[in-house]
Amino acid sequence: MKKYVDQGKNDTRSGYGAGMTELGRTNPNVVALCADLIGSLKINQFIEENPDRFFQVGIAEANMMGIAAGLTIGGKIPFTGTFANFSTGRVYDQIRQSIAYSDKNVKICASHAGLTLGEDGATHQILEDIGLMKMLPGMTVINPCDYNQTKAATIAIAEHEGPVYLRFGRPKVANFTPVDQKFEIGKALMLNEGTDVTIVATGHLVWEALIAAENLENQGVSAEVINIHTIKPLDEAAVLKSVKKTGCIVTAEEHNHLGGLGESIARVLATKHPTPQEFVATNDTFGESGTPAQLMEKYGLNNKAIEQAVLNVIKRK
Amino acid sequence: MPTTQQLEDLVRQTRRDIIRMVHKVNSGHPGGSLGCTEFLVSLYHEIMELKDGFDMDGVGEDLFFLSNGHISPVFYSVLARRGYFPVEELSTFRLINSRLQGHPTTHEGLPGVRIASGSLGQGMSVAIGAALAKKLNKDTHLVYSLHGDGELQEGQNWEAIMYAAGNKVDNLIATIDLNGQQIDGSTDDVLPMGDLRAKFEAFGWEVMDIEEGNSLEAVVAGMKEAKSKTGKGKPICVLLRTIMGNGVDFMMHTHAWHGKAPNDEQLAIGLEQNAETLGDY
């Protein structure tokens, strides 16, 4: 199996911050907004270098979304920054009407997604944001897997015309994709070719999927691992090509199984190539306080859970 | 600049357009539309500096945002008669496959519209964003917005009002249509909002009153004064006192015509009270 090396654990939100720093230097139309969470979003350097292109809106996310929509009128490319919970559920109607329905070129950048923000607990741990955002017509939904990919995605979405939801997180996770990679929106990445099962993962569960694949190889199971960083538009061709070879699939994401990546893939498979599928995702539940590792273990989102799901789905072939 | 007679002709023709549009599809919001006719006609023909044609970015011209999107009939009529799209298209209001949706949208590509509105309380934030973009672009033109008074019950407005003053967004003139009515009754009955002047002032805005919001002369003079107050460190709020349903006697001074269309007889009476001036669509 192809080997991937962790270049040193890092948080994906810092990848966002690094991407913003680069955009600040290369694209004069990029502006940043933040709702009292500069430190959490790691955009200090962008602000320092581009004070005129930063807007601190305070604890007022609805207003932030509206201001972002307005800034596009005049050619600016606004990047909003707050936690995923406050980037989506709290401001759904503002995004729906003023951004999505109004076809505004706003980049909604959301940190602290999922359970792994940890100790703050369920009030801050949104597990429904992918569903909320992918349901909006015209919205692109991206969930990169590590620091390097988040940086690349941040830079890439500035070139994409239209609203984007970019999801990343708080914990330090393995950083294993290439430095300065070219990020192609909507293009699934084949990480390991296999023949017995397809594992499609998004976000930091991609790394967990690679560990699971290695463990499975030792048990004689050949797993294909695909990184789906773009949940919408979904790379349907890559998924279909893979399952036609392997005959079964496991999807893995730090999100509710309702509304997430797994459901998007299930729709494709149900209509185009019915295939046994198992879901590694949370089971219609809120989270709770704990360390990221404890939460991943308790809610069944780690490499062990993926491994077990693979063994289960293979039996259903 | 148009003459007073030309503005009056536009107002009367716009009133006809409004009641004919809502009558045809038996839906829409004539009350607030009629109340804001003088304001929007003044804005688009006398107050705002506008380029020919339409582009979304609107650099080098004044911008207007309608936050209370349900008064789309007056907005559409004024846009059409200002030349943004053919006047005949007003006949498609609220019909299937029309660019004139029930509430305004950019989604169908109607020239003159820069944001969707209808879900209330969002327009001031958008107007602030557009005003900030003008400052970044070193564009000295102004941003105008219109809001219903009942709409101020939405909390997002107060986030925006706080932001605009705190950040000296002084190229913005936000007008509140103070007609005192909302769907369920008078604003005082539904949710009293207290002293709006004092509230805006407490948030740090420059506040002006236009007492005769249905007098062309008063509106033009008031908005010119509002313009003169821009660029001085404070956003401008205009409290525009209007009469809902103005110009059609049986629709006036009541919330009953907020979102109700006239029947054939009522339409005939309304048209009789507003003789054709520029030609019906």
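Before the first stop, a quick definition: two strands count as paired if DSSP finds at least two bridges between them. Strands of a sheet pair through backbone hydrogen bonds, either parallel or antiparallel. Keep in mind, too, that this is a predicted model.

Start in chain B. Select residues 206-210, strand E6, and then residues 236-241, strand E7: E6(B) and E7(B) pair in the parallel sense over 5 bridges. Zoom in on Val207(B), and you'll find Cys237(B) as its bridge partner in E7(B).

Now pick residues 172-178, strand E3 of chain B. E3(B) also runs parallel to E7(B), joined to it by 6 bridges. Here Ala174(B) has Cys237(B) as its bridge partner. Is E7(B) enclosed or open? Of its 6 residues, 5 are buried, so E7(B) is largely enclosed by the rest of the structure.

Next, hop over to chain A and show its open sheet of 7 strands, ordered E3-E2-E4-E5-E7-E6-E12, with mixed pairing. At the edges you'll see E3 (54-56) and E12 (230-232) of chain A; each has a single partner strand, so one side of each lacks a neighbour in the sheet. On average, neighbouring strands of this sheet are turned by 20° against each other, direction ignored.

Last stop: select helix H4 (residues 61-72) of chain A. H4 lies across E2, E3, E4 and E5 of chain A, running at about 165° to E4(A).

Notes:
Residues numbered from 1 in each chain as written. Chains lettered and ligands numbered in written order. Predicted model: local features only at pLDDT ≥ 70, side-chain atom pairs only at ≥ 80, totals over all residues. Heavy atoms only, no water. Helix = DSSP H or I, 4+ residues; strand = E, 2+ residues; numbered from the N terminus. Axes fitted to C-alpha atoms, helices over the stretch in contact; angles between N-to-C directions. Contact = heavy atoms within 4.5 Å. Buried < 20%, exposed > 50% of the residue type's maximum accessible area, 1.4 Å probe, protein only.
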